[in-house]
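The sequence and structure come before the details.

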Amino acid sequence: MDWREYWNGPHPIYVNARHRALHFERIAADIAALVPGPEAIALDYGCGEADAADAVAQHCGRLYLFDTAPSVIENLRQKFANNARIQILDEAALIALTDHSLDFVIINSVVQYLSHEQLGEALDLLHRKLKPTGLLAIGDVIHVNDNAVADTLALFRFAWDGGFVFAALMGVLRTVFSDYRKLRDKLGLTRYTPDEFIKLLAAHGFSAHRAASNIGHNQGRMLFVAKTA
Ligand SMILES: C[S@@+](CC[C@H](N)C(=O)[O-])C[C@H]1O[C@@H](n2cnc3c(N)ncnc32)[C@H](O)[C@@H]1O
């Protein structure tokens with residue numbers, strides 16, 4: 001199994017329904033704050049289940065949702081069938097999107113599952129799809145010094161504030177025996193120093209800086225905001 005296959009199957013990544021709801025509410029609010037204007041044509045790349053995408057769409061002219069997992073795409077199509085501002089893209093539809101048509105792209109909690117080469121290919125594609133004035137935000141990037149203990153503590157802080165501490169404890173115990181843990185041990189997660197990540201973005205035509213805070217609950221991870229250079 002690789003990460004693509006993993007995300008296409010059922011995965012207990014959220015410890016319970018409340019965790020899932022609070023996660024998507026939080027990232028939707030953080031993403032909406034980055035959307036450059038109410039008419040913006042936006043893309044959420046590797047959007048996952050995107051439960052609160054309608055809240056982001058309220059801040060955009062149009063919101064495209066793209067994910068590589070066919071099962072995720074199918075769920076999104078059903079979930080947002082009645083939202084005229086949201087359009088679901090599979091890989092063919094993303095490639096076919098008009099060049100230089102996007103004002104904003106968000107990639108959140110995805111790049112750790114990509115090799116440098118895969119990320120480079122995605123950046124080249126997105127550079128082509130963004131307008132010359134477009135903005136790219138990449139969140140939840142894992143710092144080389146980050147570790148599972150820091151991630152667990154961040155989850156418990158989130159759980160404490162959100163009232164799901166017991167479920168978080170059970171979730172962490174389940175993770176120890178999960179496919180996620182086995183795959184993480186086998187394939188690893190791609191990590192960066194801030195300088196390394198900014199240089200990688202520059203090599204693909206983006207001028208980037210690290211933002212003061214990350215998207216979502218884990219402030220040990222990093223958000224980068226980039227313009228087409
Ligand atoms: C941890 S989830 C993040 C979902 C969402 N962005 C969020 O922040 O909640 C990772 C997502 O990245 C997607 N993914 C994995 N590889 C990808 C790739 N090469 N291109 C785009 N999405 C990918 C997976 O299918 C999965 O839905």
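## Ligand shell, sheet and a loop residue

Helix α1 (residues 3-8) contributes the most to the shell around the ligand, namely three residues. Helices (H or I, at least four residues) and strands (E, at least two) are DSSP runs numbered from the N terminus. This is a predicted model: local features need pLDDT of at least 70, side-chain atom pairs count only at pLDDT 80 or more, and totals for chains, interfaces and linings use all residues. Residues are numbered from 1 along each chain as its sequence is written.

The shell has 18 residues, of which Trp7, Gly46, Gly48, Ala69 and Asn108 come nearest to the ligand; a residue is near a molecule if its C-beta atom, placed from the backbone, lies within 6 Å of it.

An open sheet of seven strands has the order β3-β2-β1-β4-β5-β7-β6, with mixed pairing; strands pair if DSSP finds at least two bridges between them. Strands β3 and β6 are at the edges with a single partner strand each, so one side of each has no neighbour in the sheet. Strands β2 and β3 run parallel and are joined by four bridges, and Tyr64 stands opposite Gln87 in β3.

| Strand | Residues |
|---|---|
| β3 | 86-89 |
| β6 | 206-210 |
| β2 | 62-66 |

Val110 lies in the loop between β4 and α6. Val110 is buried (20 or more other C-beta atoms within 10 Å of its own, placed from the backbone), because 24 lie within 10 Å.

Definitions and conventions
A residue is buried if 20 or more other C-beta atoms lie within 10 Å of its own, exposed if 12 or fewer, and partly exposed in between; C-beta atoms are placed from the backbone.
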